[in-house]
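Please read them with the structure open beside you.

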Amino acid sequence: MSENRKQKRRARKRGGIVLLLVLVAALVVVVYLLFSGTFSGGDGDGAPERDGGGSVRDAAAGDDDGGGDGDAYGGAEGGDDGITSLWYYDAANADRYKAYSVRMPHLPMDDIVWMVEANLDKEPYVDVEEVLSPYSVTLLANKYFYFSESYVPPELVAVGNSMLRADAADAMREMIDDAAAEGHNLWVQSGYRSFDLQNRLYTGYSAADGVEVADTYSARPGYSEHQSGLSVDFNTITQAFGETPEGIWAAENAWKYGFILRYTEENSHITLYMSEPWHFRFIGREAAAEMHTLGFPPYEEYWVKNVKFVRNVTASAGGDGDRPAVG
Ligand SMILES: [Zn+2]
């Protein structure tokens with residue numbers, strides 16, 4: 001073999017090794033980008049209490065388009081491009097959008113905006129705001145929006161052994177009757193709960209299970225939807241309820257009566273509760289039908305895009321809460 005041919009062969013060999021190295025490097029970069037995108041959602045959101053539900057939230061973090069626009073996650077670096085024209089954009093919160101997009105770089109900016117408008121960039125139970133429009137059936141109560149200790153909903157009436165707001169109670173009776181007509185025995189295990197009752201429940205749960213675990217399934221006093229008189233727990237408070245014919249029927253049909261399944265596994269990274277197949281929330285038939293059409297996004301997202309901003313009314317206008325329910 002001539003010296004010339006040996007050199008050529010060595011050169012080919014070197015070329016092959018260089019190509020291999022380049023491919024390996026590219027693979028490493030791709031893997032790194034994938035994982036940094038996936039995990040930054042959990043690391044960056046500044047909520048130490050959420051650790052208990054962290055894995056669920058991280059796993060679902062790529063999904064929070066909900067029923068919205070179905071955008072691909074491409075626009076995260078786009079800065080303010082385009083978001084100022086969103087109807088739920090509030091220039092006063094531009095700095096919060098920016099800060100949250102740094103913490104949640106895998107999310108597109110239009111999701112960042114509704115999440116900030118729902119206060120999801122804040123610390124749950126710590127950096128909180130009183131429920132806006134607390135007499136509206138479309139109110140939002142969660143770990144970021146609380147009821148005052150003295151808040152009692154209007155017109156509580158009995159449904160079985162529980163109490164609900166009259167509008168929710170009428171719809172609930174109809175739902176229970178229709179379920180019965182199809183052979184399903186739905187009953188309200190728990191409806192309205194006062195601040196004091198919730199306080200006793202939560203105190204008991206957190207004493208038994210510790211605060212971190214209790215927070216995944218029980219609201220702290222003032223933060224429970226049950227204080228609104230618009231929420232019900234059906235039958236048995238177990239995950240198994242979701243697999244029963246009653247639970248399946250309720251999940252499929254509740255929206256027709258104005259109720260939505262409030263805490264799902266898909267939404268747990270937003271609600272910070274585990275899946276609760278027994279817990280339904282009355283939001284009115286019109287809103288529930290819209291939620292159904294949208295494919296049941298997190299209620300937080302629906303609320304920002306259709307309640308907080310839809311009527312050309314900003315958050316501050318809803319703050320007095322003296323006006324009666326709309327819708
Ligand atoms: Zn409940």
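1. I begin with I260, which, once its neighbours within four places in sequence are left aside, is in contact with A254, W255, F280, R281, I283, A288, M291, F296 and Y299. Please bear in mind here and below that this is a predicted model.

2. I260 also belongs to the largest nonpolar core, which has 63 residues, and I260 is listed there together with I112, M172, A254 and F259 as the members that touch the most other members. Helix α5, residues 166-181, supplies the largest share of this core, namely seven residues.

3. Which strands make up the open sheet, and in what order do they lie? There are four of them, in the order β5-β6-β8-β7, and their pairing is antiparallel. Because β5 (188-190) and β7 (259-261) stand at the edges with a single partner strand each, one side of each is left without a neighbour in the sheet. On average, and with direction ignored, neighbouring strands of this sheet are turned by 45° against each other.

4. Within that sheet, strand β6 (residues 231-234) pairs with strand β8 (residues 279-282) in the antiparallel sense over three bridges, and S231 stands opposite R281 in β8. R281 is also one of the residues listed above as contacts of I260.

5. Helix α10, residues 285-293, has A287, A288 and M291 as buried residues. They cover an arc of only 100° around the axis, and therefore lie on the same side of α10. Just after α10, G295 takes a positive phi of about 85°.

6. Elsewhere, strand β3 (residues 156-159) and strand β4 (residues 162-165) pair in the antiparallel sense over four bridges, with V157 standing opposite L164 in β4. The two strands form a hairpin with two residues between them, and G160 in the turn has a positive phi of about 60°.

7. D196 and P221 are 25 residues apart in sequence, yet 7.3 Å apart in space, C-alpha to C-alpha.

8. N93 lies in the loop between α2 (54-60) and α3 (94-103), and it counts as partly exposed because it has 16 C-beta neighbours inside 10 Å. N93 and E117 are 24 residues apart in sequence and 8.1 Å apart in space, again C-alpha to C-alpha.

9. For the protein as a whole, the secondary structure comes to 12 helices and eight strands, and buried residues make up 38% of the 327 residues. Among contacts between residues at least 6 apart in sequence, 71% join residues at least 24 apart.

Terms used. Residues numbered from 1 in each chain as written. Predicted model: local features only at pLDDT ≥ 70, side-chain atom pairs only at ≥ 80, totals over all residues. Buried ≥ 20, exposed ≤ 12 C-beta atoms within 10 Å, placed from the backbone. Contact = placed C-beta atoms within 7 Å. Pairing = 2+ DSSP bridges. Axes fitted to C-alpha atoms, helices over the stretch in contact; angles between N-to-C directions. Arc of directions from axis to C-beta. Core = buried A, V, L, I, M, F, W, Y, C linked by C-beta atoms within 7 Å.
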